[in-house]
Structures are given as C-alpha cells and as structure tokens.
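Morning, everyone. Please have a look at the sequence and the structure before I start talking.

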Amino acid sequence: MIPAKAYAVQNATTPLAPFTFERRKPGAHDVLIEILYCGVCHSDIHQVCNEWGGSKYPMVPGHEIVGRITEVGSGVTKFKVGDLAGIGCLVDSCRTCSNCEQGYEQYCETGSVGTYNSYELDKKTLTYGGYSDKIVADESFVLHVSDKLALERVAPLLCAGITTYSPLRQWKVGKGHRVAVLGLGGLGHMAVKFAAAMGAEVTVLSTSPSKEADAKKLGAHKFVVTKDEAAVASVKNYFDFIIDTVSAQHDLNLYLAMLRLDGTMILLGVPPETPQLQVFNLIGKRRRVAGSLIGGIKETQEMLDYCAENNIMSDVEVIPMSEINNAYERILKGDVHYRFVIDLKTL
Ligand code: NAP
Ligand code: ZN
Ligand code: ZN
C-alpha cells in the first residue's frame with residue numbers, strides 16, 4: 001500500500017480536516033498520479049453534508065483532478081511516467097453492459113464507481129477523491145491533458161466542463177439556437193463558454209445582478225435577472241434550451257414558461273428537494289424536461305481536446321488546501337468566480 005495525505009470529513013457535520021490513509025499499489029493496468037490541482041464542485045458540498053443521502057465516511061471529496069503520472073503498471077499502454085493526466089467523476093464501471101459499451105460509463109446499468117463516496121467494484125473498498133496528494137486508477141478511466149492550457153484552469157473541465165459539454169452535444173446545440181444558462185456558478189460559466197463557442201445565442205438567467213459584466217465577458221449575449229419581472233416577461237416563449245445548473249430549490253415553472261414550442265429544459269443541478277411541475281406549462285407548448293449526468297470517458301477526452309484546440313478553460317480562484325472550509329462557505333453564499341481550485345502543493 002502507498003501512504004497518502006488528504007483532507008476529509010468524518011461525518012456530515014464536521015469540517016474538512018487533515019487525514020492520512022493508504023492507496024493501493026498500482027496493479028497491471030493502473031497509474032499512480034501525483035495530484036497538482038483539484039477543483040471544488042458544489043456536488044462535493046451536497047455529498048459532504050449528506051444532502052442526497054447515503055454518504056459514506058470518512059469522505060475525501062474531489063473529482064476535478066489534474067496531475068502528473070509518477071508510476072505505471074506493467075500492462076499500461078496509454079500513459080508513461082511524466083505524462084499529464086486527469087480524472088473526473090468516474091474511476092471504474094462494469095465495462096460490459098450496453099451503456100458502457102457505447103461509452104456511456106456514467107449510465108452503467110450496474111452502477112459505475114465514483115471517484116469518491118463510492119465503492120470499488122468489490123463493493124467494499126471506499127473510494128477517496130482528489131483533495132489528496134495522489135491517486136491510483138485504472139488507465140481506462142484516466143484522461144490525457146494537454147500541456148497547452150494552464151493546468152489549474154483545466155481541472156474544473158473534468159466535471160463542470162464535461163457536464164455542460166455533453167448535453168450541448170447531445171441536443172446538437174449550435175447556430176440559430178437560443179440557449180439560456182440558469183445559474184452562473186461553476187457549471188453555468190462553462191455552459192456559457194461552450195454554448196457561445198458552438199455558435200448559439202446565449203442568455204444568462206441569474207439571481208445575482210452583479211454578475212452581468214462577467215457573463216458578457218464569458219460570452220453571453222444577454223443577461224436576465226430572474227427577480228426582475230419585466231426582464232423575465234421579455235423572454236417568455238423565447239428559448240430553445242434552458243441549461244439548469246442551480247444547486248438549490250427553485251421554481252421550474254417560472255423558467256419553463258420561457259421555452260418556445262418544443263423547447264427543452266435540461267436539468268443538471270441536483271437540489272436536495274424534488275421539484276413540482278405544472279402540467280399545463282408543458283403541454284401548452286409541447287415543452288420537454290430532460291436531465292443529463294456528467295459524460296463518458298470518450299466524450300470527456302473529446303471535450304478536453306476541444307478545449308485545448310479552442311483555448312477554453314475555466315475561470316478559477318486558486319486556494320491553498322487550508323482554505324477549503326472557507327471556500328465552501330463562499331460557494332454557499334454564491335461568492336465564487338467561477339470555480340475554486342485547490343493547489344495540492346499546499347497540502
Ligand atoms: P455553484 O458553483 O454553486 O453554482 C450554482 C449557481 O446556482 C449559483 O452560482 C447561483 O447562480 C445559482 N443559485 C444558487 N442558489 C440559487 C437559488 N436558491 N435560486 C436560484 N439560483 C441559485 O454550483 P456548481 O458546482 O455549478 O453545481 C451546480 C449544481 O449542479 C449542483 O447541484 C451540483 O451538484 C450539480 N452537478 C450536477 C452534475 C451532473 O452530472 N448533472 C455534475 C456536477 C454538478 P446565480 O448567482 O447566477 O443565480
Ligand atoms: Zn462535480
Ligand atoms: Zn456498465
């Protein structure tokens with residue numbers, strides 16, 4: 001076993017604090033990665049606080065991991081020592097069900113293995129994430145990272161990036177579409193960058209008037225403050241798609257009314273509460289509500305390559321590990337511009 005350092009929580013109410021544990025020695029198909037940066041996703045907070053239920057402790061969060069390979073197993077073919085590498089939300093899956101075979105490991109029929117707060121395929125070894133100095137994973141779930149982009153700005157692509165890229169590709173969003181991005185946080189700011197790069201007209205729907213200038217810099221064409229009734233009325237029956245990235249309870253019906261005929265609302269945010277839907281709001285314009293979960297390994301690599309080609313990166317605030325509890329407080333207050341990223345050298 002290999003000794004590892006991390007920050008962990010011991011239950012749903014204690015703060016993150018230093019923690020030591022052991023990673024497995026790399027097997028034939030594994031790589032050992034020295035973690036350089038790890039992004040802080042709102043899903044980390046939901047799971048640390050057990051807001052979705054079923055959280056497993058001790059928990060080392062973190063699924064936006066970028067680092068350098070320091071050891072490879074005898075059967076590894078994709079990587080060599082010294083390569084840059086990334087790990088997102090998944091570290092394994094059954095690999096044989098029809099969804100896995102199509103590259104949709106996130107929808108594995110028997111359940112994929114999460115980077116943390118999950119069990120390995122043996123159903124008993126807890127996985128520990130990226131708020132840590134190193135990680136061992138099967139090379140099939142490790143991504144190649146370009147050295148063209150700033151690594152701290154690449155880390156959030158591994159979750160916030162792929163989670164927004166995947167539905168935009170799935171629904172073939174591009175020129176001629178009007179896309180709304182609801183909530184300008186970690187996911188939201190990546191959705192704006194991608195949708196704009198793909199040629200759509202992009203509107204940010206936000207509760208924070210102070211984010212308007214940033215939204216425009218990120219590539220948005222319009223900005224609507226959702227507490228402003230006149231502004232909301234101006235986008236009634238307007239959008240082809242709404243990408244909903246909101247992490248807290250909100251009234252979906254207000255936003256559904258903004259979709260034109262056959263418009264689709266794509267739910268990405270996972271508030272702990274179940275939303276209520278008004279049926280007339282759907283049938284009146286044949287509107288649809290859909291959802292999307294991160295992305296498979298093949299598509300994550302495609303997204304990273306697309307970002308390297310098009311110079312797309314996350315806007316980040318780099319923090320030392322010791323600042324993590326304060327960063328959580330700031331995320332909960334909406335004070336994030338637009339992703340915190342931990343520098344693991346400070347661990
Ligand atoms: P984040 O950085 O905290 O951003 C969420 C944004 O939602 C905030 O910046 C805020 O934007 C808006 N918001 C917050 N509270 C709100 C409220 N009460 N009403 C309306 N808007 C509110 O979070 P994130 O990391 O982007 O994650 C967003 C959600 O996606 C989380 O629930 C996370 O668990 C989920 N997620 C899902 C997937 C997936 O695969 N589907 C993957 C990753 C994350 P404004 O200030 O602009 O209003
Ligand atoms: Zn995430
Ligand atoms: Zn599977």
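One definition to begin. A residue is buried when its relative accessible area is under 20%, exposed when over 50%, and partly exposed in between, using a 1.4 Å probe and protein chains only. Asp 83 has 16% relative accessibility, so Asp 83 counts as buried.

Now the ground rules. This is a predicted model, where local features need pLDDT of at least 70, side-chain atom pairs count only at pLDDT 80 or more, and totals for chains, interfaces and linings use all residues. Residues are numbered from 1 along each chain as written, chains are lettered from A and ligands numbered from 1 in written order, and side-chain values use heavy atoms, without hydrogens and water.

Back to Asp 83. Where is it? It is in the loop between strand S4 and strand S5 (84-87). Helices (H or I, at least four residues) and strands (E, at least two) are DSSP runs, numbered from the N terminus. A polar atom of the Asp 83 side chain lies 2.9 Å from the backbone nitrogen of Lys 80.

Next, the metal. Which residues coordinate the zinc ion, ligand 2? Cys 41 (SG), His 63 (NE2) and Cys 159 (SG), at 2.0 to 2.3 Å. Donors are N, O and S atoms within 2.8 Å of the metal (3.2 Å for Na, K and Ca); water is not among the atoms, so sites may look incomplete. The donor spacing in sequence is C-x21-H-x95-C. Cys 41 sits in the loop between strand S3 (30-39) and H1, and His 63 in the loop between H1 and strand S4 (65-72), so this pair ties together parts 22 residues apart in sequence. Cys 41 and His 63 are both buried.

Last, ligand 1. There are 29 residues around ligand 1, each with a heavy atom within 4 Å of it. Ser 206, Thr 207, Ser 208, Lys 211 and Arg 339 come nearest. Let's take some polar contacts, meaning pairs of N or O atoms within 3.5 Å. A side-chain N or O atom of Lys 211 is 2.6 Å from a ligand 1 oxygen. For Gly 186, a backbone N or O atom lies 2.8 Å from an oxygen of ligand 1.

Which helix gives the most to this shell? H1, with three residues. Thanks.

Technical notes
A polar contact is a pair of N or O atoms within 3.5 Å; within protein, one must be able to donate a hydrogen and the other to accept it, and residues adjacent in sequence count only if both atoms are side-chain atoms.
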